[in-house]
Amino acid sequence: IAFEKSPDPAMIVKGTEEQRKEAIRLAIEVLESTGETEQQKFLVDRRYHALLIGSTGRRVQEIERESGAHIQFESDPEEVMLVTGSKEQREKAWSIVSAVLEGEKEERVAVPVAARKTIIGPKGVSIRMIERDSGAQIGFEADPEPCMLVRGTPAQREAAILMAQDVLDGEEEEQFYVEHRYHGYLIGPGGSRVRDIEQATCTRVTMSDEEPVVVVSGTRLRRDAAWELIKERMDEYDAERSSEL
């Protein structure tokens, strides 16, 4: 189904004769059940058109199905989205589209070129952690001024910016309570397990001989990631011991 405005407004239905008849019947049913339909124009930058249409039109079809409205996009003479349906259907469609666009907004944060490597981290570890934990997408731009591009919802962007600032603030030590019985297992054969944790999180992990603690050195984001892996290894240790009983 498609629509054209000239020479006369019309709905174009393609398919077999049976499919065309069924589509027309359903269209009439929709018109009768929803009352008068109108077309409303919403300004939508054309760079978002492909995003809203989705792969093979899947996303726009989902929006149409959920709202009951029909949606078209135009780039000339204006960059707009045309929504046809009842008032309720048009409002529902715009509400869905607004939510999608809200998650695509970008925020630019001034970041010196020299700091870019620190935020990315060794082998991209830091930036992957920030994106994973915040839900935002991060990129960098050199012109017109060096900056970090953060894309996502307001909450995601705020979280990502705070995490990036934490990485730039530098490294600190933090102690985590870990009973001595886990220390040997965490170190692993030839230090293999603790090395895996350090390499995965870009931290330095040491076991205290005197106290039941593990000392983790790194940024807060990396320390938290290392602690999560340490807890996973401790759970593995407990599971292995339980299976031996």
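How do the axes of α5 and α6 cross, and within what distance do they come? In this predicted model, the two axes come within 5 Å and cross at roughly 70 degrees. That makes α5 roughly perpendicular to α6, since angles of 65 to 115 degrees fall in that class. On the α5 side, the residues that meet α6 are Thr 118, Ile 119 and Ile 120. Their counterparts in α6 are Val 125, Ser 126, Ile 127 and Ile 130. Sorted by class, the contact of α5 with α6 comes out at 5 nonpolar and 2 polar residues, with no charged ones.

Phi of Lys 123 is near 55 degrees, a positive value in a residue other than glycine. Lys 123 also counts as exposed, because its relative accessibility is 81% and the cut-off for that label is over 50%. Thr 56 is not a glycine either, yet it has a positive phi of about 55 degrees. This residue sits in the loop between α2 (49-53) and α3 (58-67), and with a relative accessible area of 67% it is exposed.

The largest nonpolar core has 18 residues. Ile 119 and Ile 130 are among those with the most contacts inside this core, along with Ile 138, Met 148, Ala 160 and Leu 221. Two or more residues each come from α5 (113-120), α6 (125-134), β8 (147-151), α7 (154-168) and α10 (220-244). Another core, of 16 residues, lies apart from the largest one, and its members include Phe 176, Val 214, Ala 226 and Tyr 237.

Next comes the sheet that α7 packs on. This is an open sheet of 3 strands in the order β6-β8-β7, and the pairing is antiparallel. Because β6 (106-110) and β7 (137-141) stand at the edges with a single partner strand each, one side of each has no neighbour in the sheet. On average, and ignoring direction, neighbouring strands here are turned by 25 degrees against each other. The β7 and β8 pairing runs over 5 antiparallel bridges, and Gln 137 stands opposite Arg 151 in β8. As for the helix, α7 touches β6, β7 and β8, and its direction makes about 145 degrees with that of β8.

The loop between β7 and β8 is where Pro 144 is found. The peptide bond from Asp 143 to Pro 144 is cis, with omega near 0 degrees. A cis bond also joins Asp 76 and Pro 77, this time with omega of about 5 degrees. Pro 77 is placed in the loop between β4 (70-74) and β5 (80-85).

Turning to β11, 6 of the 6 residues of this strand (residues 213-218) are buried, so it is largely enclosed by the rest of the structure. Both faces are covered: Val 213, Val 215 and Ser 217 are buried on one side, and so are Val 214, Val 216 and Gly 218 on the other. Strand β9 (residues 172-177) runs antiparallel to β11 and is joined to it by 6 bridges, with Glu 173 opposite Ser 217. Strand β10 (residues 204-207) also pairs with β11 in the antiparallel sense, over 4 bridges. In that pairing, Thr 206 has Val 215 as its bridge partner. β10 and β11 form a hairpin, with 5 residues between them.

Terms used: Residues numbered from 1 in each chain as written. Predicted model: local features only at pLDDT ≥ 70, side-chain atom pairs only at ≥ 80, totals over all residues. Heavy atoms only, no water. Core = buried A, V, L, I, M, F, W, Y, C linked by side-chain atoms within 4.5 Å. Buried < 20%, exposed > 50% of the residue type's maximum accessible area, 1.4 Å probe, protein only. Pairing = 2+ DSSP bridges. Axes fitted to C-alpha atoms, helices over the stretch in contact; angles between N-to-C directions. Contact = heavy atoms within 4.5 Å. Parallel < 35°, antiparallel > 145°, perpendicular 65-115°, else oblique. Nonpolar A, V, L, I, M, F, W, Y, C, P; charged D, E, K, R; others polar.
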